[in-house]
Amino acid sequence: MKNEDTDLNPQQKAAVKHPSGHALVLAGAGTGKTRTIIYRIAHLIDNGIDPKRILLLTFTRRAAKEMTDRLRKMVGDSANNIISGTFHHYCLMTMRRMQKDFGIVGATVIDLDDQEQLMKLARAQYASNKNIFPKAEVLIKLYSYARNTNQPRLNYLKKFTEHEKKTVDKILKVFEDYDQRKKTYNYLDFDDILYRFAKHLNSNTNPSIRNNLRKRYDHILVDEMQDTNPLQWLILDGLRDPAQLFCVGDDAQSIYAFRGADFRNVHSFTQRCPDSTILKLQENYRSTQEILDLSNWLLKESPLKYNKKLIAYRGKGIKPRLVEFKDDLSEAVWIVSDLLERYENGSKWKDHVIITRSAAASRPVEAELIAK
């Protein structure tokens with residue numbers, strides 16, 4: 001394995017060599033969290049942990065593949081024995097191996113197109129006014145959010161939508177019809193994977209699933225912890241002990257609340273795991289200190305207590321400026337004028353990049369560039 005003493009900074013090394021117990025690693029942007037997770041797994045293997053007893057849960061399949069590929073370079077073929085993937089991948093793989101226990105014998109997982117068609121059928125008999133009643137794609141989002149946040153549907157619809165009671169009652173009937181159609185055809189939609197796994201894992205009437213799965217792992221590592229939702233926390237909670245959690249995330253960077261991500265999975269970690277340790281990665285390799293000073297100020301002003309200060313490995317850099325514009329055209333004129341000034345002062349075109357929030361937002365800039 002590569003040398004931990006020379007490849008890692010002191011904070012990364014402390015996380016990698018964390019001795020025992022649950023740990024939450026608060027990793028600011030650009031602080032090397034992926035490297036830390038990879039070295040942590042390699043450290044465990046080097047210290048005698050069977051790779052088959054290590055579970056790595058990631059936010060995307062691409063992240064899981066990247067980590068496994070990098071691990072293979074460090075520990076060889078042992079990396080192939082680590083169970084890794086997204087929460088959905090892991091849960092579905094496990095349920096397929098225990099089909100009778102999870103009640104999914106012969107079940108088919110449907111994609112979003114099939115889900116939409118099924119919801120349209122369920123919706124048809126209740127949507128008397130098609131211009132007012134939510135369309136199938138909207139109903140799917142409502143259904144998905146309530147399920148991923150583990151909320152009773154009625155509570156969610158009353159609290160987070162503006163629909164009248166009569167419409168809410170119809171939506172609930174559509175959901176019941178949709179559930180019945182899935183049951184009739186033995187279908188599982190994407191949200192059923194986490195929901196069914198979490199429900200059976202935490203069942204008090206049939207604890208054998210939880211007891212069985214808990215015996216399989218010594219260490220569970222989680223990437224992008226800030227983007228996990230309540231169902232995913234229930235899964236982690238059901239799998240831990242004796243397995244130790246090693247969760248890595250940026251407590252100031254949760255951007256998937258619209259899909260059910262719950263920042264409390266990070267901010268309440270020590271309350272949920274009273275014996276846990278908080279570790280921090282604060283040395284940033286991506287930005288300069290002037291940018292990080294602005295970020296640190298924003299964190300300090302937040303009502304949430306982050307208690308984290310990012311330090312730039314690259315040095316001071318240039319102080320950011322806040323420039324306000326009355327419209328998109330004024331913004332485009334300023335951007336292009338600034339670029340031309342930089343170019344005339346010796347900067348190369350290839351050393352600049354313009355980032356916009358969407359493709360449509362780049363059109364005024366493109367038009368101004370063409371005009372110049």
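## Salt bridges

K165 is exposed, at 63% relative accessibility. Buried here means under 20% relative accessible area, exposed over 50%, and partly exposed in between (1.4 Å probe, protein chains only). The model is predicted, so local features need pLDDT of at least 70 and side-chain atom pairs count only at pLDDT 80 or more, while totals for chains, interfaces and linings use all residues. Residues are numbered from 1 along each chain as its sequence is written, and side-chain values use heavy atoms, with hydrogens and water left out.

A salt bridge is a side-chain nitrogen of Lys or Arg within 4 Å of a carboxyl oxygen of Asp or Glu. By this rule there are 20 salt bridges.

| Pair | N to O distance |
|---|---|
| D169 and K165 | 3.0 Å |
| R181 and D177 | 2.5 Å |
| K316 and E290 | 3.9 Å |

D169 and K165 both lie in helix α10 (residues 165-185), four residues apart, about one turn. Helices (H or I, at least four residues) and strands (E, at least two) are DSSP runs, numbered from the N terminus. D169 is partly exposed, at 30% relative accessible area.

R181 and D177 are also four residues apart in helix α10, about one helical turn. R181 is partly exposed at 22%. D177 is buried at 15%.

K316 and E290 form a salt bridge at 3.9 Å. K316 lies in the loop between β10 (311-312) and α17 (328-344), and E290 in helix α16 (residues 289-301), so the pair ties together parts 26 residues apart in sequence. K316 is exposed at 60%. E290 is buried at 10%.

Salt bridges also link R147, R153, D179, K182, D189 and D192 in a network.
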